[in-house]
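Please read this briefing alongside the sequence and the 3D view, following each group of points on the model as you go.

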Amino acid sequence: MQWIDFRSDTVTHPTPAMRRAMAEAEVGDDVYGDDPTVLRLEALAADKLGKEAALLVPSGTFGNQLALFTHCRRGDEVIVEDNSHIVWHEAGAAAVIAGAHLRTIEGDNGLMAVDAIERRIRVGDDIHEPRTGLICLENAHGNGRVLPLSAMADTAALAREHGVPVHLDGARVFNAAAHLGCDAREITRHVDSVMACLSKGLAAPIGSILAGSADFIDQARRKRKLLGGGLRQAGVIAAPGILALSEMAARLDEDHQNARYLAEGLAKLPCVDIDPADIHINLVWFRFNADIDAAELMSALKQAGFLANPPHQGAMRLVTHWQVGRADIDRLLDVMQRVLSD
Ligand SMILES: Cc1ncc(COP(=O)(O)O)c(CN[C@H](C(=O)O)[C@H](C)O)c1O
């Protein structure tokens, strides 16, 4: 069965050009620092993200947790938004790897108020208190919205005032840049380190990038090895990563337009609450405003050849990517119309 997969942009398959690049990749041993394709990817990524250096890591979670592990001392506090991926979907890794405590703030659509951050930054050296080791932002946010550059600038200024580094979970930073109509460096200039995924909308089969200062990446490379993340002939996964950055980032707007098209269709369906204007990137969140038969809906979608994650507490997410087109969206909407009208 050739599924049309709306579950996530993590499901993207490598493009034919990526598969060819994988097969032809020049390789070396990346632990010895001599895989030429990894070196090319890391240099390209550092440039695209406006940082001195970059490091290829196996996943976005690995990149985020390596950032915490590198920035923080054990027992440090990390200020992070309550609905972020680091809080919800990284298996409690902060406590295990970095030994850091997550100090969460309920954001407004993912945005932490600067005064709320300031109230939580530990000042002085009271023996009762932990140290604030890091502030984490997520842009684009998993709720599908993009944080304004002004908010990032305000958070950066506060962090600088207190000497606290800022990490960006930029799994979809290129989606955020496409939505804002700016270069990704306009976003990353406000943070000390950034994790960017190659394996989501950019369609590489595996891998993310952690970027920051040369000194920070040197430390992160050692800690990556400590975690068993030293890669060998990783040129075979760096090659598609190069195409992800050099070619696929430029087409993300197409996914966003498809997402807006999907949202406009959803808005016409019975018992669906969504405002298409809220759709910033390729993540389409919506709510059901009546009891629906979720099992019937998921079964009908599957029978029609669609994969989607089921509704949770009345909310559902559908995600567009390079393997989802307008005709697929029209067919999905037809199935949903039929089921929701019964
Ligand atoms: C903002 C953000 N930061 C980090 C990650 C982790 O990336 P991976 O560890 O899956 O490569 C994700 C993945 N998000 C996945 C998805 O959206 O389907 C799931 C929830 O893990 C993410 O959305």
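Contact here means heavy atoms within 4.5 Å, while helices (H or I, at least four residues) and strands (E, at least two) are DSSP runs numbered from the N terminus. With those terms, helix α2 (residues 36-48) lies across β2 and β8 and runs at about 125° to β2; axes are lines fitted to C-alpha atoms, for helices over the stretch in contact, and angles run from 0 to 180 degrees between N-to-C directions.

This is a predicted model, in which local features need pLDDT of at least 70 and side-chain atom pairs count only at pLDDT 80 or more, whereas totals for chains, interfaces and linings use all residues. Residues are numbered from 1 along each chain as its sequence is written, and side-chain values use heavy atoms, with hydrogens and water left out.

**Confidence and annotation**

- The chain averages a pLDDT of 97, and 100% of the residues score at least 70, where pLDDT is the predictor's confidence in each residue, from 0 to 100.
- For the complex, the predictor gives an ipTM of 0.99 and a pTM of 0.98.
- An unreviewed UniProt entry carries the annotation "domain: Aromatic amino acid beta-eliminating lyase/threonine aldolase" for residues 5-286; UniProt positions are given in the numbering used here, feature names are shortened, and annotations may be inferred rather than shown by experiment.
- That span, residues 5-286, is 43% helix and 16% strand, and its end C-alpha atoms lie 17 Å apart.

**The seven-stranded sheet**

- Seven strands form an open sheet with mixed pairing, in the order β2-β8-β7-β6-β5-β3-β4, two strands being paired if DSSP finds at least two bridges between them.
- Because β2 (53-57) and β4 (101-105) stand at the edges with a single partner strand each, one side of each is left without a neighbour in the sheet.
- From one strand to the next, the twist averages 20°.
- β2 and strand β8 (residues 208-212) run antiparallel and are joined by five bridges, with V57 standing opposite S208 in β8.

- Strand β10 (residues 283-288) runs antiparallel to β12 and is joined to β12 by five bridges, and R287 stands opposite A315 in β12.

**The packing of α13 and α14**

- Helix α13 (residues 294-303) packs with helix α14 (residues 326-341) at an angle of about 145°, their axes being 10 Å apart.
- In this pair, E296, L297, A300 and L301 of α13 meet L332, V335, M336 and V339 of α14.
- By class, that contact has seven nonpolar, no polar and one charged residues, where Ala, Val, Leu, Ile, Met, Phe, Trp, Tyr, Cys and Pro count as nonpolar, Asp, Glu, Lys and Arg as charged, and the others, Gly among them, as polar.

**Backbone details in loops**

- The peptide bond from N139 to A140 is cis, with omega near 0°, and A140 lies in the loop between β5 (132-138) and α7 (149-162).
- A203, in the loop between β7 (193-197) and β8, has a positive phi of about 75° although A203 is not a glycine.
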